[in-house]
Structure formats: C-alpha cells, structure tokens
Amino acid sequence: MSDQLSNAQPQFLTVGEGEAAREIAMLVRPAQTGNGAPALVWLSGYRSDMSGTKAVELDGLAAELGLACIRLDYSGHGLSGGSFRDGTISRWLEEALAVIRHVAPDRVILVGSSMGGWIALRLAQELARQGGPKLAGMVLIAPAPDFTSELIEPNLKAKERKSLAERGYFEERSQYSPEPNIYTRALIEDGRKNRVLDGIIETGCPVHILQGMKDADVPHAHAMKLVEHLPADDVVLTFIRDGDHRLSRPGDIALLLSAVKGIIRSSTNRQMPT
C-alpha cells in the first residue's frame, strides 16, 4: 500500500478568475472499476494539509477497499497557490466545491477535521442548494464550525482587537508550528456569513463526530452544541476521554477508520471488511 500512496502525483485546478485565480493542488485516487461505493473526500483543518497523518490514513483505507479518495490543499496551504492571508471560509469552501465538481463522483463521504468540519457542513448546504454529488455521509473530527464567532471573537484580548483594527490581523502562538497562527479581519467577518450554528442543519445523511475531551482548541461542549443543530440526521457522537485536538494517535486513527467504514456500510447496504 505504501507504493500506491507514494506514487500519487498532485493535480492542479485553477479556481477563481482574474486576480482571485489560484492553483489548487489535489490528490485523486480513482475507484476500482465497477465499485459503486461513495468517494471519500478529505477536508483539512486550519493550516493543515492533505499530507497529514489522518489524510494519508484515509487514503490508505480507500486503497485497501478500492474506493475513490479526493484530497486537496486550500489556497495558502500545502502545495496550493494563493496567499494564506487571503483565506476565508467562503474562499476555501469555493475551492473544495470546485475540486469535488471537477472530479465529479456520484456520491461522496465528507471527512472533515477541525475547520474542515465547518467546510464539510457548508458543503452539505451548498450541494443541497446547487446540486452535485449526493452526500452519503460525514465523519467530523474535532469539528470547529463557526470557530471564528464562537471560539475566537468572544475571547479576543484588547491588544488583539487593536491589532485587528489597525493591522487587519492578529497573531497567536501555535503549539503545532514555530510559525504563529494568523487570524485576519477578513476571515472573522466572512466567518459570520458562513455560520451554521444559527439554525437547523440538514445534511440528509448519517454523521459521526469524533471529539477529544482534552481538546485545548475546540472544547467538547462545542461538539455537543453541534449535535443540537443536527436533530433530523442519524448522528453518532464519540467522545475520546484522553483525546487532544489532533486525534492522530494510533488508537484515534483506528476510531476514525472504523467510523468511516461504518458510514460506508450504511451507504452501500453491503458488508465491508472490518
């Protein structure tokens, strides 16, 4: 399987026009011929990319089961072009939607980590509104919908508010990278337009949420709040008592792959390997 993974070459798709055009990198694993199962779509978190542990493990599962798998880097991330500071939820959503429409699978299972969970929920809304691949299920890992308005804005310090007003952004030390996290005024303002926790979210598909209870970035109460906004769907919420935000340990990965297999089983009505 490692050879199958390492030989994958990124493709590039131009999204946007004029000055807004940017080259979006994607890794697309085709399904085995005749496989009618949904394609897996990986949606990374803020400042993460498609070569992270969970993304690679998901692609490995797709290889094992003969499924299609679509991964992409948002603009300003990984191998994609564009500036990170230009990034907003609307912009990254546009890119994810463009990649999915370009590959054009019949059905998809969205697997979103952290901010990718927010993108997944907005994708569900846009696919329902605009048409496109049918949503067969979602697996959300430490999902962070509305994190700009729910988790960042209420906790802004005076110096951060001043920096946003005067410079248009503020920086915050990252525990995952030597480079600081950068949050722009554009990201925060655009986040308000993409809120999903302000009414009923109708995905029309089964949803499995994995959430660590020792997550320092997205408190587990946030996952519980999300469930309250998904009353019409078949929702499973799995708490990992000692889990952090990344959920990348071997045991966490096993839970992720098991959750994805469960969604695949429910969408295909046939037994998949366990």
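Buried means a relative accessible area under 20%, exposed means over 50%, and partly exposed lies in between (1.4 Å probe, protein chains only). This is a predicted model, in which local features need pLDDT of at least 70 and side-chain atom pairs count only at pLDDT 80 or more, while totals for chains, interfaces and linings use all residues. Residues are numbered from 1 along each chain as its sequence is written, and side-chain values use heavy atoms, with hydrogens and water left out.

Select Arg22 first. Arg22 counts as buried, at 4% relative accessibility. A salt bridge (a side-chain nitrogen of Lys or Arg within 4 Å of a carboxyl oxygen of Asp or Glu) joins Arg22 to Glu95, with the closest N and O atoms 2.7 Å apart. This pair links distant parts of the chain, 73 residues apart: Arg22 lies in strand β2 and Glu95 in helix α3. Helices (H or I, at least four residues) and strands (E, at least two) are DSSP runs, numbered from the N terminus. Glu95 is buried as well, at 0% relative accessibility.

Glu94 is partly exposed, at 37% relative accessible area.

Next, select Asp146 and Arg195, whose side chains meet in a salt bridge of 3.7 Å, N to O. Asp146 sits in the loop between β6 (134-141) and α5, Arg195 in the loop between α7 and β9 (207-212). Asp146 is buried at 0%, whereas Arg195 is partly exposed at 24%.
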